[in-house]
Amino acid sequence: MMWKTSWPKRIVFVMSLLPLIYLTWKWQRKQLGFNQIEYVARYTGDWTIRFLLLSLAITPLRRVPGLNPIIRFRRMLGLFAFFYGTLHALHYYARDVQWNWQIIVEDLTIRRFFIAGMLGWVLMIPLAATSFNAAIRWMGGKRWQQLHRLAYVSAAAGVIHFLWQGKALILDPLIYAGILVILMAARVAIYWRK
């Protein structure tokens, strides 16, 4: 009965804002560390990938008996992935390179991890733009589903972006990559069962 009320969506919405609230709190208390630019970049990038993976996890998890109503949260989680991804991109443009277009063009044409990151974010734009019910009706359910499979490509680009930017091997992107592989395998299994 609780699933039919608006409270679960409100709770998920507030919880999805908590990472931003926490970051703001740390910024106001000047607790972002010595390299604030890198801290904010990694923090917003982490939460972009986390929300992308959470939204992708909804489809296999809803197959568990009793969990089908969690489909209500998939759109919201996907939009929060785009929100944090946009914050991540804006932080790079405004704080890191300060809208220096010479650096931006160089980064996006030469540096492979920037290219992967930009690809991941750009692929989320049509997903966010078609996340409302009218878009589903206009496109048709099948075409809409096909378009929204780009979320897997976006997540893969995000993981690659994270892997390629490190000078040393870091555990976090490997964990994200492992989760993504599991989710893609689950998706393939669901497809073949159909």
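## The largest pocket

Helices 2, 3, 5, 7, 8 and 9 each supply at least two residues to the lining of the largest pocket. Here, helices are DSSP runs of H or I with at least four residues, numbered from the N terminus. A pocket is an open set of points on a 1 Å grid over the protein atoms alone where a 1.4 Å probe fits, with protein on both sides within 12 Å along at least five of seven lines; lining residues have an atom within 4 Å of a point.

Helix 3 gives the most to this lining, six residues. There are 31 lining residues, and Thr 59, Arg 74, Trp 144, His 148 and Arg 187 lie nearest the pocket's centre.

## About the model

Keep in mind that this is a predicted model: local features need pLDDT of at least 70, side-chain atom pairs count only at pLDDT 80 or more, and totals for chains, interfaces and linings use all residues. Residues are numbered from 1 along each chain as its sequence is written, and side-chain values use heavy atoms, with hydrogens and water left out.

Leaving aside neighbours within four places in sequence, Leu 56 is in contact (heavy atoms within 4.5 Å) with Ala 151, Tyr 152, Ala 155, Leu 180 and Leu 183.
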